[in-house]
Every structure is written in structure tokens, then in C-alpha cells.
Amino acid sequence: MGKVVLVTGAARQLGGRFVRRVQREPGVDRVIAVDATEPGHRLGDAVFVRADIRQPAIARVLAEHSVDTVVHLNVSGKALGAVGRSAIKETNVIGTMQLLGACQKSPTVQRLVVKSTTSVYGAAPRDPAVFTETTPPKSVSSGGFAKDAVEVEGYVRGFARRRPDVAVCVLRFANILGPMPDSPLADYLALPVLPTVLGYDPRLQFVHEDDVIDVLGIAAGEPRRGTLNSGTFNIAGDGVLLLSQCARRLGRPTVPVLLPAVTWVGSALRAVGMTDFSPEQIRLLTHGRVVSTSQMYETLGFRPRFTTAETFAEYARSRGPGLLPPETVGRAVDRLAALPLAGPARRKQAVRATARTTTARTTTQTTHGAR
């Protein structure tokens, strides 16, 4: 680990956790926590600097503290406080440009870690079954967080070419969940009734908050023997879940909506402030997305503690019971299977649905082969 570590996005829950964690790493003398907003949580012994990374002042912060490791976590799809979409985009894109410009001029910076997202692959009907780090997207989002992340990664690649002496690591995280999630998808899953796209049941991957903190620590430190923590890596828990499985485990009823009408539903939810049901999230909830994590295992040397199903179970426990408890759904499916009119195929489907509802681990569609 570098002697002086600067962390952006310290006011966010994830950034604050990493600031507290990195202070415990051996060899770290100081941690500089940077954000334009005063954090509402503890930062331990870190030095908090209230600075907007969109402004050139960030270069003075790097020079003043002789920073050698920069962990850029202030790339997010959800606003912090009462700010609009334009402010989020400016922080994601313009802020990253200013930060990289400051790092390029700094003679002390030796390592850069950037938080990105698997949203850069997009979500389209002709997508491959599994994305690798080198798979080009079939469709590039015209706006939203995915477009921001694509631009951010482009600037990071340009920085890496200009400063080949700096170790650069880009981590593409799947949807982050846990007891304290902070993402538009988590807000969607917290709705009492989940609007879904009629005729689609997308595959989803999740990564636990604790695993995010662990892999950030690996990326920000010196590579362990036999591993390499420079490059671009997909980060996700093993296995996948269908959206229908997620709804059952949350006890949330679903309302299938025709695809053209989903946009109207999303606009209504955004208007009342319930969730940011953006077009890119609608595409995810239509076509889904699964990524390969073989490079995470083989090159980065990171093994998540939580699978996708276990991560979602942690999130579900933190939300409390939904309108339809999973046990109730299971009993209803059992009664349906026992009806005389239910044929053998129908009864088999009912049994499978009951198993998916009551046992999270057995329903996980593991993707070890995809890795």
C-alpha cells in the first residue's frame, strides 16, 4: 500500500468504509479523504479535505500531501443529496478529467484505482451470454450512468498511455448490494410492487459491499506474489439470479408491463421521487447482463466471500418482509400443484418454483464454467 492514499467520494457510504479500512493497512502513513460534501459518517484518523474534483484545486491537494496512491470512487449513478442528473454527470466525467490531469502532472503518484461498472457493456437483445473484459458492447448507451462510465474509462486509458509509469487498475463492478446499498437498482428492488417487462426475465449478477471493499484494498496495494493488479477486471459474485427469483425472495409482487409502456412507468416513478427508473435500467431489466470473472480469479487473485445469491439474501434481510412473504408464495404454489386439473408438467413447474422460493442456494445458477 502506498504511504499516502487519497480517496475521492468519501462522503458516500462506500467511500467512507474504504477510508476507514485503508487506514488499517500496514505501511499507510496518511489517508486523504476528498469530497465536495461533508460526510455524515466517521472517517477515523483520515484527513478530510472538502474539495470539488471538478475544480483545478484537486491538483493542489495532491501536491500538498505528496499523494502516491489515488482511489477514485466518486463515479456513481445515484445523486448524493438534492442534485440533478447534470451535476452527477459533471462529477463523473468532468471530475474524472480534472483528477486525471492532476495525477498526470504529479511526480509522486504511482498507482491509480478507478471504480467503474459492468454497465459499460450495455444491455441489448443480441448480447453474448457472458461478457469478458475485452468484449465490445453491442449497443452503447446514449446517456445516463453507463455513458458516463464509458467516457471515464476512455479518459483513464488515455492517462495510462501518457503515464506508463503509473499502475492503473479499473474495477468493473456488477450491481452492488448488501445491508446498506446505494444504487438505483437497490431503490427499484425496494419498491412495494416491482414493475417488470412483459415476456422478459433477465439474468442479474450482484457483488457484496464487503467484497467491494476487499477488492479495492487489493487493487490499491502492491500486487501479491503470482498476481497482477493492473488492468481492467470484472468484479461479481458467483452465480446469477433471475429477476423473478429476486422478486419472490423479497416477497414483492410484480406487475408485467408492455415494453413501450415501461418508459411511461419509469417517468412516473422518477417524477414522484421513488426511484431513478432510467432507460439504461429498463434495458437491464429487459435483457439482463452476465460477465465473466475468470480474470478476477486468475490474474487479480481475488475470490469473493459472497455469491450472487448470498449477496441478495443479505440485501433481502435488510429490507424486511415484503407484501408476499416467500413462505406464503411457497404454500400457494404447493396448493396449485395439488389441484386435480394441474397436469404432471404443471406440478413439476410448481415444485421447482417452491424450491426456488424456499432455498436460495439451490436456485443459484452458478457460472463457474463461464468464468
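**Cavity and helix packing**

Modeller: A search of the whole structure finds one cavity of 30 Å³ or more. This is a predicted model: local features need pLDDT of at least 70, side-chain atom pairs count only at pLDDT 80 or more, and totals for chains, interfaces and linings use all residues. Residues are numbered from 1 along each chain as its sequence is written, and side-chain values use heavy atoms, with hydrogens and water left out.

Biologist: How much space lies in the largest cavity?
Modeller: About 40 Å³.

Biologist: Which residues line the largest cavity?
Modeller: Thr118, Ala174, Asn175, Gln205, Arg289 and Val291. That lining divides into two nonpolar, three polar and one charged.

Biologist: New topic, helices. At what angle do α7 and α11 pack?
Modeller: Helix α7 (residues 243-250) and helix α11 (residues 308-319) pack at about 35 degrees, and their axes are 10 Å apart.

Biologist: Which residues meet there, α7 to α11?
Modeller: Cys246, Arg249 and Leu250 in α7 meet Ala309, Phe312, Tyr315, Ala316 and Arg319 in α11. The residues of this contact (heavy atoms within 4.5 Å) divide into six nonpolar, no polar and two charged.

Biologist: And where do the axes of α1 and α6 come, and how do they cross?
Modeller: The axes of α1 (residues 13-22) and α6 (residues 209-220) come within 10 Å and cross at roughly 50 degrees. α1 and α6 are therefore oblique to each other (under 35 degrees counts as roughly parallel, over 145 as roughly antiparallel, 65 to 115 as roughly perpendicular, the rest as oblique).

Technical notes. Axes fitted to C-alpha atoms, helices over the stretch in contact; angles between N-to-C directions. Helix = DSSP H or I, 4+ residues; strand = E, 2+ residues; numbered from the N terminus. 1 Å grid on protein atoms, 1.4 Å probe; cavity = no way out; pocket = protein on both sides within 12 Å on 5 of 7 lines; lining within 4 Å. Points joined across faces, edges and corners; volume = space filled by probe spheres on them. Nonpolar A, V, L, I, M, F, W, Y, C, P; charged D, E, K, R; others polar.
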